[in-house]
Amino acid sequence: MAMNLRLHVSRLDHIRDYSRARHIQFSVIDLDKSNEYPANYVCMLPLDPRPRANGRAHSIFSKLFGNDSLEFAKRLLTKALKTENDSDIKAEIEKRLELLEPKPPVQVKCIICRNFFEPRWRKQKICQECRQKKYVSQK
Ligand SMILES: [Zn+2]
């Protein structure tokens with residue numbers, strides 16, 4: 001499918017809500033479809049555009065863009081940031097971009113060798129090396 005995609009960031013000022021962030025809506029639009037919103041509407045840009053770890057898409061966005069979802073969302077947001085003049089919307093775009101950046105690795109102390117390591121799953125207490133040794137000694 002030929003697509004000329006952009007972000008359409010709009011304020012929903014008619015909705016009365018205490019949190020400002022929710023007043024800003026991120027829609028993906030296709031300029032090949034139409035120049036007018038909402039005729040060119042494709043889908044919403046979710047906060048987390050990544051497909052689920054098990055490979056199943058959880059949003060229309062990740063269904064459309066699959067494994068490229070994260071990179072594509074970043075590209076759309078970066079492009080929108082360059083053309084946006086509204087400071088509130090700019091701040092919201094920057095917040096979204098920050099959410100998409102990988103977090104710095106967490107270091108955990110191994111309960112066997114006392115060295116710091118990067119856990120591969122939550123609550124991992126033994127480093128990969130010690131796990132390997134344990135596994136070999138059990139054989
Ligand atoms: Zn260890």
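Does Lys33 count as buried, exposed or partly exposed, and how many C-beta neighbours inside 10 Å does Lys33 have? Lys33 counts as partly exposed, because 15 C-beta neighbours lie inside 10 Å. The cut-offs behind such labels are simple: 20 or more other C-beta atoms within 10 Å of a residue's own make it buried, 12 or fewer make it exposed, and anything in between is partly exposed, with C-beta atoms placed from the backbone.

A word on the model itself. The structure is predicted, so local features need pLDDT of at least 70 and side-chain atom pairs count only at pLDDT 80 or more, while totals for chains, interfaces and linings use all residues. Residue numbers start from 1 along each chain as its sequence is written.

Overall, the chain has four helices and five strands, arranged along the sequence as β-β-β-α-α-α-β-β-α. Of the 139 residues in the chain, 15% count as buried. Among contacts with a separation of 6 or more, 27% come from residues 24 or more positions apart; a contact here has the C-beta atoms of two residues, placed from the backbone, within 7 Å.

Now to the sheet. Three strands form an open sheet in the order β1-β2-β3, paired antiparallel, where pairing takes at least two DSSP bridges between two strands. At the edges sit β1 (5-11) and β3 (41-44), each of which pairs on one side only. On average, and ignoring direction, neighbouring strands of this sheet are turned by 35° against each other. Between β2 (residues 24-30) and β3, which run antiparallel, there are three bridges; Ile29 has Tyr41 in β3 as its bridge partner.

The loop between β2 and β3 is where Lys33 is found. Leaving aside residues up to four places away in sequence, Lys33 touches Ala39 and Asn40. Asn4 is 29 residues from Lys33 in sequence, yet their C-alpha atoms are 8.3 Å apart in space. Pro38 also belongs to the loop between β2 and β3, and a cis peptide bond with omega of about 10° joins Tyr37 to Pro38.

On to the helices. Helix α2 (residues 69-83) lies across β1 and β2, at about 60° to β1; angles like this run from 0 to 180 degrees between N-to-C directions, using lines fitted to C-alpha atoms, for helices over the stretch in contact. Helix α3 (residues 87-100) has 14 residues and should span 20 Å at 1.5 Å a residue, which agrees with its end C-alpha atoms being 20 Å apart. That expected span is 1.5 Å times one less than the number of residues.

Glu92, Ile93 and Arg96 are buried in α3. Seen down the helix axis, the buried residues of α3 fall within an arc of 100°, so they line one face; the arc is taken over the directions from the helix axis to the C-beta atoms. Cover for these buried residues includes β1, β2 and α2. Turned away from the buried side, the other face of α3 carries the exposed residues Ser87, Glu94 and Glu98.

Arg114 is not a glycine, but has a positive phi of about 70°. Most residues other than glycine have a negative phi, and most peptide bonds are trans. With 9 other C-beta atoms within 10 Å, Arg114 is exposed.

Notes: Helices (H or I, at least four residues) and strands (E, at least two) are DSSP runs, numbered from the N terminus.
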